[in-house]
Amino acid sequence: MIRATRILRRDALSGGEIVDRVILDHGDRHRRRVAMRGAGGLGFLLDLPEPTVLEDGDALVLQDGRLVWVEAAPERLLEIRAPSDRALKRLIWHIGNRHIPAEIGTDAVWIADDHVLADMVRGLGGSAEPVVRPFRPEGGAYAGGHGHDHPHGGDHHHHDAHG
């Protein structure tokens, strides 16, 4: 089976033959070694030196130089909004305090669909509406720009899957 041993980040893509694409949710984009099958049927082994977050728009480099495009799959999320910038910042602080992955936009935040967090957001004056869309959360302060590592101790109760 052909192997993919490198990631070409989307900002470094300048060409190359894209032969297939993999459509992965947030949890499935945190990988090191796993057999994969592209949407077009290409089977390959992802074989990276360490666990890495595959970002939407990256490409996996196969041993022969061909590329497999990485695409974020649509997922059930909560779209969180607030009546003001200050209120949204406050909600972002509360979400971040729970150590859950979040995608921060200009006037909205997206998190995994969770009824407890939806109730918290509504209780703090925000709105939390279910949506289905690709999830592209922030990498985190300890992730080196990509990933979701936890260098600190403690018990974490969140809903992100680690591959």
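This is a predicted model: local features need pLDDT of at least 70, side-chain atom pairs count only at pLDDT 80 or more; totals for chains, interfaces and linings use all residues.
**Whole chain**

Start with everything shown as a cartoon. The chain holds ten strands and two helices. Following the sequence, the order of elements is β-β-β-β-β-β-β-α-β-β-α-β. Colour by burial next: 42% of the 163 residues count as buried. If you display contacts between residues at least 6 apart in sequence, 63% of them join residues at least 24 apart.

**Salt bridges**

Across the whole structure, a search finds 13 salt bridges. The stops below visit some of them.

**Stop 1: R21 and E71**

Select R21 and E71 and show their side chains. The two form a salt bridge, with 2.7 Å between the closest N and O atoms. R21 belongs to strand β2 (residues 18-24) and E71 to strand β6 (residues 67-72), so the pair ties together parts that are 50 residues apart in sequence.

**Stop 2: R33 and D47**

Now select R33 and D47. Their closest N and O atoms are 3.2 Å apart, in another salt bridge. R33 sits in strand β3 (residues 30-37) and D47 in strand β4 (residues 43-53); the pair is 14 residues apart and links distant parts of the chain. R33 has 48% relative accessibility and is partly exposed. D47, at 14%, counts as buried, because the cut-off for that label is under 20% relative accessible area.

Together, R3, R32, R33 and D47 are linked in a network of salt bridges.

**Stop 3: D56 and R136**

Clear the selection, then pick D56 and R136. Their side chains meet in a salt bridge of 2.8 Å, N to O. Which parts of the chain does this pair tie together? D56 lies in the loop between β4 and β5 (59-62), while R136 lies in the segment after β10 (127-134), so the bridge joins parts 80 residues apart in sequence. D56 is buried, with a relative accessible area of 15%, whereas R136 is partly exposed at 32%.

Technical notes:
Residues are numbered from 1 along each chain as its sequence is written. Side-chain values use heavy atoms; hydrogens and water are left out. Helices (H or I, at least four residues) and strands (E, at least two) are DSSP runs, numbered from the N terminus. Buried means under 20% relative accessible area, exposed over 50%, partly exposed in between (1.4 Å probe, protein chains only). Contact means heavy atoms within 4.5 Å. A salt bridge is a side-chain nitrogen of Lys or Arg within 4 Å of a carboxyl oxygen of Asp or Glu.
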